Amino acid sequence: MRAARFHAIMVTDIRVAVFMNGIGKMLVVLGLALAALGGLLWLGGKLPWFGRLPGDIRIDREHFKLYFPLTTCVIISVLLTLLFRLLGKR
């Protein structure tokens, strides 16, 4: 009886440890992503080409302005996909 209860406690402890390990990894990745995003925003004014790439849509009319950074969004998406694929491998 004691051995079964000890085994149940050990299994529960292992599950909690695995769960906490997953949360820890997720928080580290989220923190790195936020730091990278903050760095891009911080350096955004110093990089004249960032947000003004060929393929970014800009329409300026008298009472209407539209700006859609299509190419910039695609590049950011590819970089984030590569980052998450590299960090997501186990």
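Thr72 counts as buried because its relative accessibility is 6%; buried means under 20% relative accessible area, exposed over 50%, and partly exposed in between (1.4 Å probe, protein chains only). Thr72 lies in helix α2. Helices (H or I, at least four residues) and strands (E, at least two) are DSSP runs, numbered from the N terminus.

Before going on, a word about the model you are looking at. It is predicted, so local features need pLDDT of at least 70 and side-chain atom pairs count only at pLDDT 80 or more, while totals for chains, interfaces and linings use all residues. Residues are numbered from 1 along each chain as its sequence is written, and side-chain values use heavy atoms, with hydrogens and water left out.

**The partner of Thr72**

Which side chain makes a polar contact with the side chain of Thr72? The partner is Asp56, at 3.0 Å. A polar contact is a pair of N or O atoms within 3.5 Å; within protein, one must be able to donate a hydrogen and the other to accept it, and residues adjacent in sequence count only if both atoms are side-chain atoms.

Asp56 sits in the loop between α1 (2-43) and β1 (57-60). Its side chain also reaches the backbone nitrogen of Thr71 at 3.0 Å. Contact in general means heavy atoms within 4.5 Å. Leaving aside neighbours within four places in sequence, Asp56 is in contact with Gly51, Tyr67, Phe68, Pro69, Leu70, Thr71 and Thr72.

Asp56 is buried yet has no salt bridge, which would be a side-chain nitrogen of Lys or Arg within 4 Å of a carboxyl oxygen of Asp or Glu. The nearest side chain of opposite charge belongs to Arg58, 7.6 Å away. Here Lys and Arg count as positive and Asp and Glu as negative; His and the chain ends are not counted.

**Across the fold**

Arg58 has its place in strand β1. Not counting residues up to four places away in sequence, Arg58 touches Leu66 and Tyr67. Leu66 belongs to strand β2 and counts as partly exposed because its relative accessibility is 35%. Leu80, found in helix α2, is partly exposed too, with a relative accessible area of 37%.

Two pairs of residues show how parts of the chain are placed relative to each other:

| Pair | Separation along the chain | C-alpha separation |
|---|---|---|
| Arg58 and Leu70 | twelve residues | 9.9 Å |
| Leu80 and Ala33 | 47 residues | 8.6 Å |

**The surface and the whole chain**

A nonpolar surface patch of about 870 Å² is made by Ile57, Phe64, Leu66, Phe68, Leu70, Val74, Ile75, Val78, Leu79 and Leu82. Patches are made of residues with over 30% relative accessible area and no salt bridge: like charges are joined within 9 Å, nonpolar side chains (Val, Leu, Ile, Met, Phe, Trp, Tyr) within 5 Å. Helix α2 gives the most to this patch, with six residues.

The protein chain has two helices and two strands, running α-β-β-α from the N terminus on. Buried residues make up 4% of its 90 residues. The accessible surface of the chain comes to about 8,200 Å², of which 72% belongs to carbon and sulfur atoms. Accessible areas come from the Shrake-Rupley method with a 1.4 Å probe; for residues, only the protein chains shown count as cover.
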